[in-house]
Structure formats: structure tokens, C-alpha cells
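Hi there,

Here is the structure I promised to pass on. Have a look at it first, and then read on for my notes.

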Amino acid sequence: MEAVVFVFSLLDCCALIFLSVYFIITLSDLECDYINARSCCSKLNKWVIPELVGHTIVTVLMLISLHWFIFLLNLPVATWNIYRNTQSRAAEVTHERSHDQAWLPPALFLHVSL
């Protein structure tokens with residue numbers, strides 16, 4: 001059972017790292033004016049929920065399989081993702097996403113490191 005949990009966790013983390021790199025590339029395209037803000041938001045918004053689900057599944061899986069240390073490492077990032085997505089669902093305006101970019105690199109580095 002543990003091998004299955006860790007293999008799934010490894011595959012999920014690889015997918016989340018790929019998604020984080022995609023976010024960084026898309027935001028750098030926005031910064032260089034290769035794409036406009038509305039196009040950037042439409043590209044990134046469709047991947048927010050899969051990112052949230054992927055990270056939450058790994059966190060809950062570590063809780064169920066009683067790997068407390070890994071669970072406690074993933075818990076702050078999963079909590080932050082849930083908080084960020086529940087608070088920003090009410091107002092998805094393109095200019096608000098550009099203000100969130102200041103928080104994105106530290107959050108991505110924390111996300112990639114876990």
C-alpha cells in the first residue's frame with residue numbers, strides 16, 4: 001500500500017511541478033506583452049482547480065496512510081490553496097490577477113519545494 005501511495009504522490013508532484021512551470025512561462029509571456037491579461041487569465045484559470053485537487057488529494061492521502069511528517073509538510077500549502085481559491089472565486093477580474101503576481105513566485109517556490 002505504501003508503495004502505491006508514494007508512486008501516486010510522485011506522479012502527482014511531477015504534474016504539479018509541470019503545472020507550476022506552465023504558470024511561470026505564461027506569466028512571463030504576460031510580463032513581456034506577448035499575450036494580454038484576459039488571455040493569460042483564461043489560460044491559467046482553467047488549471048487552478050486541477051492544481052487544487054491534485055495537491056489536496058496528496059495531502060489527504062498522506063493523512064489516511066498515516067505519514068504524519070509528509071502530511072504536516074503539505075498541509076500549509078494545501079490550506080493556502082484552498083483559502084486562495086475560495087476567496088477569489090467571487091471576483092475574478094483580470095486586473096486583480098495581475099496584482100496577485102507579486103505573491104505568485106514565493107508561493108510557487110514553496111509549492112515546488114514540497
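Which helix gives the most to the nonpolar patch? Helix H3, covering residues 48-64, does, with three residues. Please keep in mind as you read that this is a predicted model.

The patch sits on the surface and is formed by Phe-8, Ile-49, Val-53 and Ile-57, which together have about 320 Å² of accessible area. Phe-8 belongs to helix H1 (residues 2-31). With a relative accessible area of 37%, Phe-8 is partly exposed.

Now to the aromatic rings. With ring centres counted as a pair within 6.5 Å, there are two aromatic pairs. The rings of Trp-68 and Phe-71 have centres 6.4 Å apart and planes at 80°, so this pair is edge-to-face. These residues are three apart in helix H4 (residues 68-88), and therefore about one helical turn separates Trp-68 from Phe-71. How do they sit, buried or exposed? Trp-68 counts as partly exposed because its relative accessibility is 47%, whereas Phe-71, at 12%, counts as buried.

In the pair made by Trp-80 and Tyr-83, the ring centres are 5.8 Å apart and the planes are at 40°, so the pair is tilted. Trp-80 and Tyr-83 both lie in helix H4 as well, three residues apart, or about one turn of the helix. Trp-80 counts as partly exposed at 39% relative accessibility, and Tyr-83 counts as partly exposed at 46%.

Definitions and conventions:
Residues are numbered from 1 along each chain as its sequence is written. This is a predicted model: local features need pLDDT of at least 70, side-chain atom pairs count only at pLDDT 80 or more; totals for chains, interfaces and linings use all residues. Side-chain values use heavy atoms; hydrogens and water are left out. Rings of Phe, Tyr and Trp (its six-membered ring) pair if their centres lie within 6.5 Å; planes under 30 degrees apart count as stacked, over 60 as edge-to-face and the rest as tilted. Helices (H or I, at least four residues) and strands (E, at least two) are DSSP runs, numbered from the N terminus. Buried means under 20% relative accessible area, exposed over 50%, partly exposed in between (1.4 Å probe, protein chains only). Patches are made of residues with over 30% relative accessible area and no salt bridge: like charges are joined within 9 Å, nonpolar side chains (Val, Leu, Ile, Met, Phe, Trp, Tyr) within 5 Å. Accessible areas come from the Shrake-Rupley method with a 1.4 Å probe; for residues, only the protein chains shown count as cover. A salt bridge is a side-chain nitrogen of Lys or Arg within 4 Å of a carboxyl oxygen of Asp or Glu.
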